[in-house]
2 protein chains.
Amino acid sequence: MLCQDRCMPSPTPARRSRRTDALSADAIIEAAITVLDAEGEEALTFRALSTALETGPGAIYNHLANKQEILAAAAHRLVVHALADVPSDPDAENGIRAVMLAFFDLFGAHPWVGTQLSREPWQAALLEMFEAIGTHLEALGVEERYQFTAASSLLNFVLGVAGQHASATRLARDLDRSAFLRDIADGWKDEATAASHPFSRRMADQLAEHDDRQQYSDGVDFILAGIAAVTAGGGL
Amino acid sequence: MLCQDRCMPSPTPARRSRRTDALSADAIIEAAITVLDAEGEEALTFRALSTALETGPGAIYNHLANKQEILAAAAHRLVVHALADVPSDPDAENGIRAVMLAFFDLFGAHPWVGTQLSREPWQAALLEMFEAIGTHLEALGVEERYQFTAASSLLNFVLGVAGQHASATRLARDLDRSAFLRDIADGWKDEATAASHPFSRRMADQLAEHDDRQQYSDGVDFILAGIAAVTAGGGL
DNA sequence: ACCTGAACACCGTTCAAGT
DNA sequence: ACCTGAACACCGTTCAAGT
């Protein structure tokens, strides 16, 4: 649909297309998400975005303060949508797992969100995540005094995963993922590395072959089991 | 020591100082750490770095491929140093806690490391962290089949914390930290926010008053308890 | 072989001039 | 009130010219 380099000569004299509908923060955020998903984080520039919106780069500033605000709003929107799509479950433990997996799937579909979430502390998107996690912990019967630490622990875990996912995607955009991990695993088997890193050497094949989503899910289970154990066992 | 804006007139005609010792990757990395610690992430430019090194920006490329490599090498060096300083402990559970706290203290002293660690996946610094965690898990008696997931969970948790720490520091560089958290907590108490986020509303005061290091330490305990529970209980 | 620093190809952001 | 797009003040990186 885009006319990248050379356009067919048009019968009427070429004229710079100009948007007819009004520009809005919503439209900008939507266009930003499209660019980010299609071409990655580094492709989102004001020039690219304003071309997609058929306007000038300056026009964007009439609706959003700066690039950071565009990214924050885009991430927030996707987090809200992802949470709205999580089916409610009468079983509290299934509920918290469903929420955590929704986050994982969101980062899979939009890896740049992972980068954005570690850019501003306690931004709107993080509040939604914290709230969703906390609500389910409450339903799970976690005592009040553990709720803050428990919710933070789950949130920090998912943020760590999100960041790694984003950077892996940034680096391995074209490469296929398993070849990329195989390369790293092979590096762990190099004599020099292996000699000083025996644990990693032993884990190399698992790094190359593991199922990311399963491992994430297992990590969530570890933390949930820990929360349950500490709560039952009478404290930290 | 730096001559920032105006220099005293010197008796001999002013001459651009030129380094006498040879430039090296090590010297560049050391200078980069100094700049990053003193002035923050955004202050590290090739121009600033080459000024600190008394050379031209192009000279740096004779020793390191690009900015990413400088940051990765700087983070790696600090992680290695931090781990070298952790005293060995005969008690395995103290050992893993000491390693995890060493990471936390590292991010406190050099917040920019948190940003860097989520920039490249499985970079050298992460390998060191993974290895250190894994070695202690082995000592703790975690079964082989759980080691990869357990080590990854702890690593992802610490990476999440590191990222948040870095972004909080970036945003609140001059502001004092407690005032910054108070502001966010107050936002959670706003009528509009509180109505749709009751859990966060309830946690607001804890956000403002909690001890970061203690909470981190409690989070580590949750995960360790979960690993112990799952291992003892016969599987995920 | 290494250093120098101007030049290049970008950025995000601003702002006078338009409608 | 909003849009336009050239201009500004930066970046990281390159490279011809020096030593």
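# Salt bridges, a charged patch and selected residues

B:Asp212 is partly exposed, its relative accessible area being 23% (buried is under 20%, exposed over 50%, and partly exposed in between, with a 1.4 Å probe and protein chains only). The model is predicted: local features need pLDDT of at least 70 and side-chain atom pairs count only at pLDDT 80 or more, while totals for chains, interfaces and linings use all residues. Residues are numbered from 1 along each chain as its sequence is written, chains are lettered from A and ligands numbered from 1 in the order in which they are written, and side-chain values use heavy atoms, with hydrogens and water left out.

## Salt bridges

Over all chains, the structure holds 24 salt bridges (a side-chain nitrogen of Lys or Arg within 4 Å of a carboxyl oxygen of Asp or Glu). One of them pairs A:Arg77 with A:Asp26, at 3.0 Å from N to O. A:Arg77 belongs to helix H3 (residues 67–84) of chain A and A:Asp26 to helix H1 of chain A, so this pair ties together parts that are 51 residues apart in sequence (helices, H or I with at least four residues, and strands, E with at least two, are DSSP runs numbered from the N terminus).

Another bridge is formed between the side chains of B:Glu138 and A:Arg202, at 2.8 Å from N to O. Since B:Glu138 lies in helix H6 of chain B and A:Arg202 in helix H10 (residues 198–209) of chain A, the pair joins two chains.

Within chain B, B:Asp212 forms a salt bridge with B:Arg177, where the closest N and O atoms are 2.9 Å apart. Here too distant parts of the chain are linked: B:Asp212 sits in helix H11 (residues 212–233) of chain B and B:Arg177 in helix H8 (residues 177–189) of chain B, 35 residues apart. In chain A, salt bridges that share partners join A:Arg182, A:Asp186, A:Lys189, A:Asp205 and A:Glu209 into one network.

The table lists the accessibility of several residues from the bridges above and from the loops below.

| Residue | Class | Relative accessible area |
|---|---|---|
| A:Arg77 | partly exposed | 21% |
| B:Glu138 | partly exposed | 40% |
| A:Arg202 | partly exposed | 37% |
| B:Arg177 | partly exposed | 37% |
| A:Glu54 | partly exposed | 34% |
| B:Glu54 | partly exposed | 34% |

## Positive patch

A:Lys67, A:Arg119, B:Lys67 and B:Arg119 form a positive surface patch. Patch members have over 30% relative accessible area and no salt bridge; like charges are joined within 9 Å, and nonpolar side chains (Val, Leu, Ile, Met, Phe, Trp, Tyr) within 5 Å. Lys and Arg count as positive and Asp and Glu as negative, with His and the chain ends not counted; a charge is placed at NZ of Lys, CZ of Arg, CG of Asp or CD of Glu. Areas are from the Shrake-Rupley method with a 1.4 Å probe, and for residues only the protein chains shown count as cover.

B:Arg119 is located in the loop between helix H5 (112–117) and helix H6 (124–140) of chain B. With a relative accessible area of 32%, B:Arg119 is partly exposed.

## Helix residues of chain A

A:Asn156 is part of helix H7 (residues 144–171) of chain A and is buried, at a relative accessible area of 15%. Neighbours within four places in sequence aside, A:Asn156 is in contact (heavy atoms within 4.5 Å) with B:Asn156, B:Phe157, B:Gly160, B:Val161 and B:Gln164.

A:Ala38, in helix H1 (residues 25–39) of chain A, counts as exposed at 53% relative accessibility. A distance of 27 Å separates the C-alpha atoms of A:Ala38 and A:Leu127, which are 89 residues apart along the chain.

## Loop residues

Most residues other than glycine have a negative phi. A:Glu54 has a phi near 55 degrees, a positive value in a residue other than glycine; A:Glu54 is in the loop between helix H2 (46–52) and H3 of chain A. Phi of B:Glu54 is likewise positive, near 55 degrees, and B:Glu54 is placed in the loop between helix H2 (46–52) and helix H3 (67–84) of chain B.

B:Tyr61 is also found in the loop between H2 and H3 of chain B and is partly exposed, with a relative accessible area of 45%. Not counting residues up to four places away in sequence, B:Tyr61 touches B:Phe46 and B:Asn66. The C-alpha atoms of B:Tyr61 and B:Thr45 are separated by 13 Å, the two residues being 16 residues apart along the chain.
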